[in-house]
Amino acid sequence: MHTRLYRNGVLEKEGFPIEEVSDYVGDPDNTVWFDLCSPSPADLGVIGEELGLHELAVEDVLSDHQRPKVDIYDNHLFITVYGVHFDDGRLDPVEVNIFVTKNALVTVRESDHFDLGEVVRRWDAASRLAGHGVTFLLHGLLDYVVDSQFDLVQDLDGQAEALEESLFEDEVRDGKELQRAMYVLRKNTTRLRKITMPMREVVGTLLRRDQDLIADPVMAPYYEDVYDHVLRVTEWVESIRDMLANVRETRLAQQGFRLNEIMKRVTSWAAIIAVPTMITGFYGQNVPYPGSGQTWGFWISSVLVAVTSVALYSVFKKKDWL
């Protein structure tokens with residue numbers, strides 16, 4: 001059970017049953033956090049009634065694959081963000097829904113693949129700011145989400161650079177392996193873009209001064225730092241997409257160039273073979289011809305075949321067609 005109770009900025013209690021939350025949220029000096037993992041509609045209904053959550057926000061939790069967003073209601077905020085998780089080498093984002101009231105923070109995770117332990121460690125490391133209540137808790141959560149996305153985009157950038165450099169290695173990797181690596185990397189980058197691009201709007205909305213739930217002049221610089229990281233992530237994702245597009249175009253150009261080289265060599269060898277074939281075909285006619293039935297006729301045809309073949313090979317080699 002993930003629950004915490006802060007009173008006047010001091011952690012007083014954790015691990016208590018969710019049923020006790022209603023006993024604490026009535027005191028404005030208390031700040032409560034609790035977490036739900038894959039809750040049932042009945043559980044969400046009970047929490048919604050106790051905290052006065054809007055029915056549309058509760059309905060959004062039950063709907064899968066919401067876009068990262070911030071919905072502002074009369075007495076609370078509803079925020080949707082995504083943590084990063086890999087399943088068999090492919091990015092599988094974990095949806096995390098957040099309810100923010102005056103003195104309560106509720107996290108609803110899609111699955112246990114989202115690491116809440118790291119979020120709690122960040123709260124403990126910055127406990128001096130705990131007096132700012134839900135603003136402090138929300139910042140720690142968003143900071144972890146954005147930092148994990150930042151770490152991922154950094155790793156994807158390294159993979160893209162390695163892929164780009166491998167195109168010009170002396171020993172080019174297997175074509176199918178390279179194609180699969182490009183596909184997986186593009187797929188992961190596209191999925192990451194879908195969950196990072198809207199984060200600018202999410203954090204930007206929280207920085208607005210016209211909403212009172214998060215407006216805190218002391219915590220504002222911390223949220224601006226998160227916003228700066230969001231911008232860096234989104235710009236980095238776009239640069240990776242451009243890099244992958246260049247890798248794909250370069251790969252296609254390499255394949256086209258290699259095909260041209262192959263066709264040039266095949267055509268050159270076909271020309272070399274065609275001339276001896278023409279000569280031997282001429283001497284193989286069933287009509288009299290100079291040297292017919294004579295030994296010197298055979299030797300002349302053989303010399304012509306050898307000379308023309310060597311001459312064509314030399315010319316094609318000089319022109320780098322072979």
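The model is predicted, with pLDDT of at least 70 needed for local features and 80 or more for side-chain atom pairs, while totals for chains, interfaces and linings use all residues. Residues are numbered from 1 along each chain as its sequence is written, and side-chain values use heavy atoms, with hydrogens and water left out.

Q: How many helices and strands are there, and what makes a run count as one?
A: The protein has nine helices and nine strands. Helices (H or I, at least four residues) and strands (E, at least two) are DSSP runs, numbered from the N terminus.

Q: Why is the pair of Phe16 and Tyr24 called edge-to-face?
A: Rings of Phe, Tyr and Trp (its six-membered ring) pair if their centres lie within 6.5 Å; planes under 30 degrees apart count as stacked, over 60 as edge-to-face and the rest as tilted. A search of the whole structure finds six aromatic pairs. In one of them, the centres of Phe16 and Tyr24 are 5.2 Å apart and the planes stand at 75 degrees, so the pair is edge-to-face.

Q: Which parts of the chain does the pair of Phe114 and Tyr144 link?
A: Phe114 and Tyr144 are also an edge-to-face pair, at 5.4 Å centre to centre and 75 degrees between the planes. Phe114 is in the loop between strand E9 (104-109) and helix H4 (116-125), and Tyr144 is in helix H5 (residues 134-166), 30 residues apart.

Q: How do you know whether Phe114 is buried or exposed?
A: Buried means under 20% relative accessible area, exposed over 50%, and partly exposed in between (1.4 Å probe, protein chains only). Phe114 has 4%, so Phe114 is buried. Tyr144 has 14% and therefore counts as buried.

Q: Is His54 buried, partly exposed or exposed, and what does His54 touch?
A: The relative accessible area of His54 is 31%, so His54 is partly exposed. His54 sits in the loop between H2 and helix H3 (55-62). Contact means heavy atoms within 4.5 Å. Leaving aside neighbours within four places in sequence, His54 is in contact with Tyr73 and His76.

Q: Why does Leu51 count as buried, and where does Leu51 lie?
A: Leu51 lies in helix H2 (residues 41-51). Its relative accessibility is 14%, so Leu51 counts as buried. With neighbours within four places in sequence left aside, Leu51 is in contact with Val25, Phe34, Asn75 and Val106. Leu51 and Asn75 are 24 residues apart in sequence and 9.2 Å apart in space, C-alpha to C-alpha.

Q: What makes a set of residues a nonpolar core, and which residues have the most contacts inside the largest nonpolar core?
A: A nonpolar core is a set of buried Ala, Val, Leu, Ile, Met, Phe, Trp, Tyr and Cys residues joined through side-chain atoms within 4.5 Å. The largest has 37 residues, and those with the most contacts inside it are Ile79, Ile98, Leu105, Phe114, Trp123 and Leu138. H5 gives the most to this core, with nine residues. Apart from this core lies another, of 22 residues, among them Leu5, Tyr24, Val58 and Ala104.

Q: What does Trp123 touch?
A: Not counting residues up to four places away in sequence, Trp123 touches Arg4, Tyr6, Trp33, Leu105, Phe136, Leu137, Gly140 and Leu141.
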